[in-house]
Amino acid sequence: METISRESYLAYAGLKKTAELQPIYEKYSDVLGEEALDLTLDAFRSTAENTDDRRSAQALLEWEIETQAAKPLAALDEREIEWENSAIIHSPDGRVIQYQAAPIEIANTSDRALRLALDEARAKLVKEEHAPMRLERLQREKEYIESLGIDGDYNASFEAVAGISLDALATSCERFLRDTESMWDDTLPRALKKSLGIKASQAKRADALALFRASEYDDAFPGNEMETVMRRQVWEMGIDPTADGRIIFDVGEREGKRSRAFCSPVRVPEEVYLVLRPHGGQSDYNTFLHELGHALHYGYASPDYPFEFRWLGDNSVTESYAMLFDHRMQDSGWLLRYTKLGGNRVGNFLRTAGFEELHFLRRYCAKLIYERALYSGEVRWSELPELYVSLLSKATGFEYDAADAFVDVDPRYYSARYLRAWQLQSVLNEELTARFDVDWFRNPSAGPWMVGELLAQGQRESAEEIASRVGAGTLSFQPLIRKIESLLA
């Protein structure tokens with residue numbers, strides 16, 4: 001994991017042209033064979049539920065399945081990474097734009113005709129070159145995992161090993177989409193008219209990138225002060241933002257660096273990278289906070305824990321810590337203390353934040369429903385692009401492009417982890433508020449408590465177990481709906 005994580009960091013951060021994954025899988029082939037899979041599967045089936053032995057076996061089995069599936073796909077992954085790092089888009093105004101930088105360019109383009117033309121050029125390239133690679137990977141991964149015979153088809157094997165009911169989560173997502181539809185239909189047209197001057201019937205996904213970029217607030221979120229602000233806030237919580245030097249911030253512009261930020265735990269907890277390619281303004285602050293939550297989680301994980309508790313487990317947990325931090329952008333106290341918004345603009349910004357939250361929750365609910373259909377095998381691969389456009393466009397109000405149907409898929413149901421993380425972060429925020437007041441983010445007692453009770457525990461526990469430990473009931477979308485309603489009021 002250390003070797004493959006370092007290789008991935010170097011490639012995705014733009015420090016290498018591609019990732020050399022195949023030699024790594026060959027070097028460590030002994031831990032990725034049939035015997036290793038049988039060992040972890042036997043341990044999973046023979047250990048008692050709700051014990052550390054079961055948690056360990058579950059985490060190792062899930063890792064074994066995912067990594068064994070990735071091994072025969074390594075050559076394809078290398079090819080895709082190299083393609084992403086070298087592909088270019090020809091802009092209608094004569095510029096050559098890196099494929100990786102296209103989302104940034106689209107979001108920062110105020111001229112709508114140019115913005116749509118840029119996205120059209122991006123989508124054409126995706127359809128011709130990127131989507132075929134992703135489709136091949138999805139098909140081969142599904143076929144390989146089903147061949148392992150863990151439990152029926154792809155979806156059943158995921159549920160059996162991850163302990164997440166896709167049916168139950170999809171039902172909750174469908175209910176969330178119904179419950180928030182009138183709120184979304186009321187909010188979206190006004191936001192589009194005010195910020196972009198267009199009607200809801202005209203809205204494309206490229207417009208969403210520009211809309212949520214919220215460039216009108218750029219002056220309140222200066223890029224040259226961002227890292228200093230984040231460090232200051234974590235220090236005020238009573239902990240070191242670099243975890244005694246274990247966390248390295250890689251937040252500058254670099255050709256080849258992915259536009260989508262990420263946290264790369266190369267050695268847990270000794271070496272963790274927070275990687276961000278600047279887009280500008282509030283979106284960078286939001287992204288930095290999100291990745292900071294991940295970095296602190298890995299950087300403060302207990303070194304005494306076994307590998308699987310420090311590194312593996314239910315990623316809903318690390319995503320909830322990331323969201324706990326990025327949701328400070330919905331906190332008036334945090335905004336007034338750490339940004340230049342000022343009291344006269346914070347109310348409007350919070351309404352924008354509530355609108356953005358509702359959009360992304362609706363988007364991810366639709367993604368989960370789509371991905372469930374994709375992996376089920378009940379819909380032909382050739383029919384999935386049409387289903388993708390229908391589900392995502394209806395949920396968000398922005399017209400999606402069929403070219404993205406296989407590119408806009410997070411591996412191994414990561415959308416489910418995100419959705420559960422949204423639910424868990426609302427529980428954790430309530431617990432922190434009860435213990436340390438509404439401004440827990442600057443309470444010097446809050447940081448040490450978070451380290452001891454949450455971060456140091458790695459991912460030994462599932463999202464449900466953590467929610468139960470802090471006194472909450474079942475995870476649900478209801479607290480999120482109430483929060484969004486208060487932000488939009």
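Good morning, colleagues. The model is predicted, so local features need pLDDT of at least 70 and side-chain atom pairs count only at pLDDT 80 or more, while totals for chains, interfaces and linings use all residues. Residues are numbered from 1 along each chain as its sequence is written, and side-chain values use heavy atoms, with hydrogens and water left out.

I begin with helix H11, residues 205-213. Helices here are DSSP runs (H or I, at least four residues), numbered from the N terminus. Of the 9 residues in H11, 7 are buried; buried means under 20% relative accessible area, with a 1.4 Å probe and protein chains only. The buried residues are Ala206, Asp207, Ala208, Ala210, Leu211, Phe212 and Arg213. Which helices do the buried residues of H11 pack against? They pack against H6 (102-107), H7 (112-147), H10 (181-195), H13 (281-299) and H17 (343-376), where contact means heavy atoms within 4.5 Å. After H11 comes Ala214, with a positive phi near 45°.

Two of those partners also meet each other. H7 and H17 pack at an angle of about 65°, and their axes are 10 Å apart. Axes are lines fitted to C-alpha atoms, for helices over the stretch in contact, and angles run from 0 to 180 degrees between N-to-C directions. H7 contributes Leu138, Glu141, Lys142 and Glu146 to the contact, and H17 contributes Leu374, Tyr375 and Ser376.

Next, the cores. A nonpolar core is a set of buried Ala, Val, Leu, Ile, Met, Phe, Trp, Tyr and Cys residues joined through side-chain atoms within 4.5 Å. The largest has 74 residues, and among those with the most contacts inside it are Phe288, Trp440 and Met450. H13 gives the most to this core, with 7 residues. A second, separate core of 62 residues includes Phe44, Tyr154, Phe355 and Ala421. Setting aside residues up to four places away in sequence, Met450 touches Met237, Leu324, Phe325, Leu432, Trp440 and Leu455.

Leu324 is also touched by Gln425, a residue of helix H19 (residues 414-436). Gln425 is buried, with a relative accessible area of 3%. With the same exclusion of residues up to four places away in sequence, the contacts of Gln425 also include Ser320, Met323, His327 and Leu480.

I turn to the cysteines. The structure holds 0 disulfides, a disulfide being a pair of cysteine sulfur atoms within 2.5 Å.

Finally, the aromatic pairs, which number 29. Rings of Phe, Tyr and Trp (its six-membered ring) pair if their centres lie within 6.5 Å; planes under 30 degrees apart count as stacked, over 60 as edge-to-face and the rest as tilted. Phe212 and Phe398 have ring centres 6.3 Å apart and planes at 70°, so this pair is edge-to-face. Phe212 lies in H11 and Phe398 in the loop between H18 (384-396) and H19, so the pair ties together parts that are 186 residues apart in sequence. Phe212 is buried at 8% relative accessibility, and Phe398 is buried at 1%. Ring pairs link Phe212 and Phe398 with Trp184, Phe355 and Phe360 into a cluster. Thank you.

Conventions
Buried < 20%, exposed > 50% of the residue type's maximum accessible area, 1.4 Å probe, protein only. Helix = DSSP H or I, 4+ residues; strand = E, 2+ residues; numbered from the N terminus.
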